[in-house]
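The structure below is a predicted model.

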Amino acid sequence: NRQVTTVGRSDTSKSTLINALLGADKMPAEWTPTTSIAVYIKHISDKPAFIEEDVWVFSNHVGDENLWNERRLNDEDYCCSWKIAAGGAEILRTFGIRQGENYNKNAGAAVMFLDAPILNVCDIVDLPGFGTEREDDDNITFKAAQNAAVIIYLSQANGFMRIEDITYLKRNISELPVWEKRTENELLPLSNLV
């Protein structure tokens with residue numbers, strides 16, 4: 001599946017949009033900046049046999065490698081070496097938000113498996129907002145967004161296209177795959193940036 005990634009500064013309702021797309025309130029969403037890890041949301045049929053729970057939470061680094069590589073989801077040894085917790089969707093409220101006793105416990109990513117119609121055609125990635133006081137949030141967001149096929153960029157209504165937004169987009173537009181091909185389709189350049 002292709003990845004649809006939501007990106008934006010903190011508190012632009014990325015998780016709320018994802019919950020609407022999923023048709024269920026699975027992602028923690030509050031009126032303050034909430035998401036603190038990259039959450040890869042996949043269809044339940046994509047779950048490898050070795051994963052029993054609906055959610056696995058991964059460390060933010062193992063050895064010299066930073067951020068769990070979602071492309072290695074079917075590598076049991078790799079995933080087990082990164083795993084720090086497992087459970088249902090509620091575990092994201094424990095390890096994936098900016099509050100509570102497990103905040104700053106080195107969580108960097110999670111994978112969640114759901115039975116939602118949209119996940120039959122794409123995976124969805126929820127990322128921390130960039131531009132917070134934590135450099136780790138920016139690093140997670142930049143690295144995870146590099147694998148996106150489509151980026152949905154959310155901006156605050158009262159601050160559309162601030163310099164931080166432009167700087168972020170400038171850095172990530174070069175990572176977006178090229179979909180438009182003059183002889184094969186009629187897509188416009190950057191049509192996978194919404």
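The largest nonpolar core has 29 residues, and those that touch the most other members are V7, Y40, W68 and V111. Two or more residues of this core come from each of β2 (38–43), β3 (55–59), α2 (76–82), β7 (107–114), α4 (135–145), β9 and α5. The element that gives the most is α4, with 4 residues. In soluble globular proteins, nonpolar side chains tend to be buried together.

Y40 shows what such a position looks like in detail. Leaving aside residues up to four places away in sequence, Y40 touches Q3, L67, W68, E70, A109, A110, V111, M112, I124, V125 and A144. Another core lies apart from the one described above; it has 25 residues, among them M27, V39, I91 and F95.

Which strands does β1 pair with? One is β8 (residues 122–126), paired with β1 in the parallel sense over 5 bridges; here R2 has C122 as its bridge partner. The other is β9 (residues 150–154), which runs parallel to β1 and is joined to it by 5 bridges.

Helix α5 (residues 163–173) has two contrasting sides. Its buried residues are D165, Y168, L169 and N172. Viewed down the axis of α5, these buried residues fall within an arc of 95°, so they line one face of the helix. The face turned away from the buried side of α5 carries I163 and K170, which are exposed.

Terms used: Residues are numbered from 1 along each chain as its sequence is written. This is a predicted model: local features need pLDDT of at least 70, side-chain atom pairs count only at pLDDT 80 or more; totals for chains, interfaces and linings use all residues. Side-chain values use heavy atoms; hydrogens and water are left out. Two strands pair if DSSP finds at least two bridges between them. Buried means under 20% relative accessible area, exposed over 50%, partly exposed in between (1.4 Å probe, protein chains only). The arc is that of the directions from the helix axis to the C-beta atoms. A nonpolar core is a set of buried Ala, Val, Leu, Ile, Met, Phe, Trp, Tyr and Cys residues joined through side-chain atoms within 4.5 Å. Contact means heavy atoms within 4.5 Å.
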